[in-house]
Amino acid sequence: MDNPTLSNQRNQSVPSTPSLNVPTTMSDSSFHLENLPYRTMHINRMINSSYNRSPSRTIYSDRFIPSRSGSNFALFDISNSPTSTEGKEDGSGTYNSLLRAALFGPDTPDKKDSLDAPACRNIFRYKTETKRSLHSLSPFGLDDSVPGISHSPVKAPRKVPRSPYKVLDAPALQDDFYLNLVDWSSTNVLAVGLGNCVYLWNACSSKVTKLCDLGIDDSVCSVSWAQRGTHLAVGTSDGEVEIWDASRCQRVRTMEGHRLRVGALAWSSSLLSSGSRDKSILQRDIRAPDDFASKLSGHKSEVCGLKWSYDNRELASGGNDNKLFVWNQHSTQPVLKYCEHNAAVKAIAWSPHLHGLLASGGGTADRCIRFWNTTTNTHLSCMDTGSQVCNLVWSKNVNELVSTHGYSQNQIIVWRYPTMSKLATLTGHTYRVLYLAISPDGQTIVTGAGDETLRFWNVFPSPKSQNTDSEIGASSFGRTTIR
């Protein structure tokens, strides 16, 4: 028999009309199907309203809709936005203005008003600038407020005069590659060996003085001024070295030791080094009574190049055996040997700018300028000049050097180191440019050749101003005789 209680429960659980499954706190009558049209209209009105839109909230969707607010549609005669959206933009702008005033104060300017031009963020922005200045490549830009940054224009390459400002006739100037017959003192006096005599030319007064005459059976093979003072060393064809006091035109002493001619001399304070055709180098202390203190052996042929480093710690020697040796103050054997040259090494020069940097040049069969680091004992670079390298000298004012050449072009070249780009090529000598010296101020060089002329050139800038051409000697152009 059926249970009446269970029957009543079944009758109560079945509703008379269909309804939604909603929480018990809400009335199901409001969700009846007949009320759905009214609810749909209410939801649409909430979606389309603009008064409750949050300006800081980004609305995302399932497809990309580009923002063209930064586009310049005027170029294409296209309207920026439909007229139907103007009211929405004005409403959003009003809300943003009120919010900005409430947060930052009423005097805060609008972001659009603070910019001089509207931002353009896409491909419709066209650039009218076609050229970029050199300053635009700088990481500092054109901001003049950055301290220590100069925006001066790029300087033009320095111009080197192509003609000598003075020419001196030098009769009997020998055309011998292995001799060193010209030197310029710290007191601005030029010494030149002509035949068996030595002449002095004062660069300030242009006065010429005959210092000495070695006699008919002897000749001058080398001259070299002491680093300071007025003492001049003279190497002779008899193998002797004479020390002269140029201020009094008086010979101080004569030192022997070599068996053949002395073609190379180099000073280091009171120490004088002499190189000879007898293949040896003698170290002489002019304060000591002995003719020489030590003998350096290593070259297999005539010694034709000698140079002390600026710190007086290393002596470089070059010979007709194609070798370049480096000695220290106390060694009797070379501490460094360089054998890369293929001809005699007469041209030797130490850099005054970098410790241990040595330049050397080879003769006709070599034609190269080589650079060495004697601190690390490394060969740095090589430059083929195309002609015999006779002399080298560094500028004291800038990182440049000058070389003189013989066969076959007889030219003078000014180089920029370390790029070894040519600043100038000077011509005028008709014979090999065998002799070279630099003025004490480091601006002027004098060159000598077998054409029996000495030519003075302004090639380097002054120590204080490296951008202006030197005018020294420009008013004294002329040709005179040194004897």
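What follows is a short chat about salt bridges, cysteines, surface patches and backbone details in this predicted model.

Visitor: Before we dig in, what should I know about the model and the numbering?
Guide: It is a predicted model, where local features need pLDDT of at least 70 and side-chain atom pairs count only at pLDDT 80 or more, while totals for chains, interfaces and linings use all residues. Residues are numbered from 1 along each chain as its sequence is written, and side-chain values use heavy atoms, with hydrogens and water left out.

Visitor: OK, how many salt bridges are there?
Guide: The count comes to 10, taking a salt bridge as a side-chain nitrogen of Lys or Arg within 4 Å of a carboxyl oxygen of Asp or Glu.

Visitor: Which residues are linked in a network of them?
Guide: Asp176, Arg261, Arg277 and Glu302 are. Within that group, aspartate 176 pairs with arginine 261 at 3.1 Å, N to O. That pair links distant parts of the chain, 85 residues apart: aspartate 176 is in the loop between β1 (166-169) and β2, and arginine 261 is in the loop between β9 (250-255) and β10 (262-268). Strands here are DSSP runs of E with at least two residues, helices are runs of H or I with at least four, and both are numbered from the N terminus.

Visitor: And what about arginine 261 with glutamate 302?
Guide: Their side chains form a salt bridge too, at 3.0 Å, N to O. Glutamate 302 sits in the loop between β13 and β14, so this pair ties together parts that are 41 residues apart in sequence.

Visitor: Is arginine 261 buried or exposed?
Guide: Buried, because its relative accessible area is 11%. Buried means under 20%, exposed means over 50%, and partly exposed is in between, with a 1.4 Å probe and protein chains only. Glutamate 302 is buried as well, at 6%.

Visitor: Switching topic: how many disulfides does a search of the whole structure find?
Guide: It finds 0, with a disulfide being a pair of cysteine sulfur atoms within 2.5 Å. For cysteine 382, the nearest cysteine sulfur is that of cysteine 368, 3.7 Å away. For cysteine 197, the nearest one belongs to cysteine 212, at 7.0 Å.

Visitor: How accessible is cysteine 382?
Guide: Cysteine 382 counts as partly exposed because its relative accessibility is 38%. Cysteine 197 is buried, at 6%.

Visitor: Which residues form a nonpolar patch on the surface?
Guide: Tyr95, Leu99, Leu103 and Phe104, with about 440 Å² of accessible area together. Patch members have over 30% relative accessible area and no salt bridge; nonpolar side chains (Val, Leu, Ile, Met, Phe, Trp, Tyr) are joined within 5 Å, and like charges within 9 Å. The areas come from the Shrake-Rupley method with a 1.4 Å probe, and only the protein chains shown count as cover. Leucine 103 is found in helix α3 (residues 86-104) and is exposed, at 58% relative accessibility.

Visitor: What is phi of asparagine 377?
Guide: Near 55°, a positive value in a residue other than glycine. Asparagine 377 is in the loop between β20 (368-373) and β21 (378-384) and is partly exposed, at 43% relative accessibility.
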